[in-house]
Amino acid sequence: MDDIEYSTDKIEKKADEEIISFGKIESGNENQHSPGKRKKCGGWKLASLLLVNQGLATLAFFGVGVNLVLLLTRVLDQDNAVAANNVSKWTGTVYLCSLIGAFLSDSYWGRYLTCAIFQLILVLGLGLLSFDSWFFLISPTGCGDGNKLCNTPSSVGVVMFYLSIYLIALGYGGHQPTVATLGADQFDDSNPNAVISKAAFFSSFYFALNVGSLFSNTILVYYEDSGKWTLGFLVSFGAAIIALLLYLSGTSRYRYVKASGNPLPRVAQVFVAAYRKWGVTPATVGALYEVEGTESAIKGSRKILHSDDFKLLDKAATITSMDLRGPNNPWKLCTVTQVEEAKCVLKMLPIWLCTIIYSVIFTQMASLFVEQGDVMASKLQNFHIPAASMSAFDICSVLIWTGVYRHVVVPVSRSLTGNAKGLTELQRMGTGLIIGMIAMVAAGVTEIQRLKSVSPGSKKSSLSIFWQVPQYVLVGASEVFMYVGQLEFFNGQAPDGIKSFGSSLCMASMSLGNYVSSLLINIVMEVTTRDGGPGWIPDDLNDGHLDRFYFLIAGLTAVDFIIYVYCAKWYNGINLDTSENGIQLEEQQKE
């Protein structure tokens with residue numbers, strides 16, 4: 001035991017010599033960091049600026065995304081199943097790009113620069129799409145309104161179209177999770193109210209997101225549905241420019257968190273070091289390697305206390321005689337904090353995987369819900385209701401349920417559970433799964449009634465499009481529980497060095513949900529057309545059984561919920577060292 005203590009002291013001394021402290025602020029003017037100066041940086045004023053930025057960026061994004069399926073069918077003349085698949089793949093790419101933005105933010109660029117660059121890409125994509133629709137796609141003027149056919153677009157126009165929408169996917173995808181984390185950074189962890197402020201910020205963040213999309217889903221979608229596609233894209237382009245300018249206006253007042261370096265080698269080092277010590281018995285908690293003092297060896301991260309999960313990985317922090325020879329090598333010996341960072345990623349993965357099936361539910365609003373509504377009675381006297389605008393009920397549901405949750409659900413559940421937050425994030429996400437499953441059942445029932453109301457030889461059903469209201473409202477309610485819960489959970493449980501990665505997991509879940517939805521459609525169509533029939537989702541939905549597809553998703557969600565409950569009970573949260581003073585911030589004025 002004495003040898004181990006001696007070894008620990010020796011290695012810690014080496015580490016102290018080799019590790020540059022992350023706690024020092026890179027500024028020559030100490031007066032800038034006085035308490036009085038610090039109060040002028042960050043806080044709700046800057047967080048609110050980021051909320052407005054998010055609302056405008058979302059308006060711009062959904063100005064394209066909400067009606068994309070109809071653009072593909074009406075302007076590019078794609079079949080329903082092909083268009084639904086293309087929308088799912090595009091939406092999946094949007095959210096997959098969130099991982100790229102999170103990686104660059106956590107590793108190299110930091111939150112501020114990452115947000116700025118990806119917003120610039122979003123502006124570029126929207127500008128290119130506006131130009132393309134004006135000169136190449138929308139010909140003759142006003143086509144694509146459901147009645148007036150468009151000319152076959154040129155190959156240049158099609159290439160430019162796909163280039164522009166995937167630039168939009170990259171820009172918005174990389175921006176959203178990073179701006180969410182930057183907003184949370186505006187609250188000082190040393191303030192006791194920071195936890196409450198961050199929880200309120202994430203609810204407000206999703207609220208702002210839906211306020212922005214409400215305009216797109218009502219006003220813009222109406223003009224686009226009537227053939228004024230270019231006008232809709234130009235408005236989105238303008239909103240993105242305003243969002244970028246507002247974001248840049250807060251440059252000198254934001255609170256900045258340093259990038260912590262590439263997390264991939266850090267996580268890989270834990271597994272490699274543990275593998276190299278496969279035959280070594282893990283040391284006791286007190287004998288595991290950790291640097292002395294209040295600072296973690298990972299730049300920008302607080303220390304994480306040891307947990308009993310995945311004990312095999314403790315081998316990576318177990319000191320052996322070989323570790324005393326030569327300089328400290330993180331591929332052979334890792335700190336407890338580094339090991340716990342890897343454990344946190346492993347523990348979050350099962351929870352994250354269980355949220356993917358919910359994203360399959362969510363993605364139906366941008367594809368099959370729209371196609372379903374497009375063949376229903378959509379006239380309100382002389383006013384035509386665009387099918388895509390029905391998602392306004394989803395948005396209104398989110399806005400209403402955000403208030404209901406904070407002012408009704410939280411107080412009631414707090415009195416029942418004794419938890420200050422009311423429901424835990426895991427309970428909140430589980431509730432979202434259940435409501436989402438009910439939404440799919442409602443969509444299936446609506447489709448059954450729609451098919452019963454189809455007259456022979458008629459393309460559209462006589463059933464009112466307002467029968468879709470319950471499914472949209474239920475999906476909206478489920479989002480408040482699932483997606484806001486995800487933002488809080490993954491951001492709160494992610495170590496300091498991978499905070500943006502934690503926020504991006506929510507969007508990555510949406511990404512895989514879209515790809516899984518596309519895969520399900522392909523499998524269903526392959527199986528249901530083997531006997532020569534039209535299948536469940538044919539070009540003419542009146543010949544299919546879309547209701548069965550909705551019920552299939554509901555069944556898969558029920559199975560997923562059972563697995564989720566097991567994973568939630570197994571999960572143990574991150575345990576940060578409470579003696580830390582919080583993440584050191586670069587609070588100097590940016591030149």
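**Salt bridges in a predicted model**

A search of the whole structure turns up nine salt bridges (a side-chain nitrogen of Lys or Arg within 4 Å of a carboxyl oxygen of Asp or Glu). This is a predicted model, where local features need pLDDT of at least 70, side-chain atom pairs count only at pLDDT 80 or more, and totals for chains, interfaces and linings use all residues. Residues are numbered from 1 along each chain as its sequence is written, and side-chain values use heavy atoms, with hydrogens and water left out.

Biologist: Which residue forms a salt bridge with Asp 185?

Modeller: The closest N and O atoms of that pair are 2.7 Å apart. Asp 185 sits in helix H6 (residues 155-185) and its partner in helix H5 (residues 80-137), so the pair ties together parts 74 residues apart in sequence. Helices here are DSSP runs (H or I, at least four residues), numbered from the N terminus. The partner is Arg 111.

Biologist: Are Glu 340 and Lys 343 buried or exposed?

Modeller: Their side chains meet in a salt bridge, 3.1 Å from N to O. Both lie in helix H10 (residues 336-354), three residues apart, about one turn of the helix. With buried meaning under 20% relative accessible area, exposed over 50% and partly exposed in between (1.4 Å probe, protein chains only), Glu 340 and Lys 343 are both buried.

Biologist: What is the relative accessible area of Arg 428?

Modeller: Arg 428 forms a salt bridge with Glu 488, with the closest N and O atoms 3.2 Å apart. Glu 488 counts as buried at 10% relative accessibility. Arg 428 is buried too, and its relative accessible area is 4%.

Note on methods. Helices (H or I, at least four residues) and strands (E, at least two) are DSSP runs, numbered from the N terminus.
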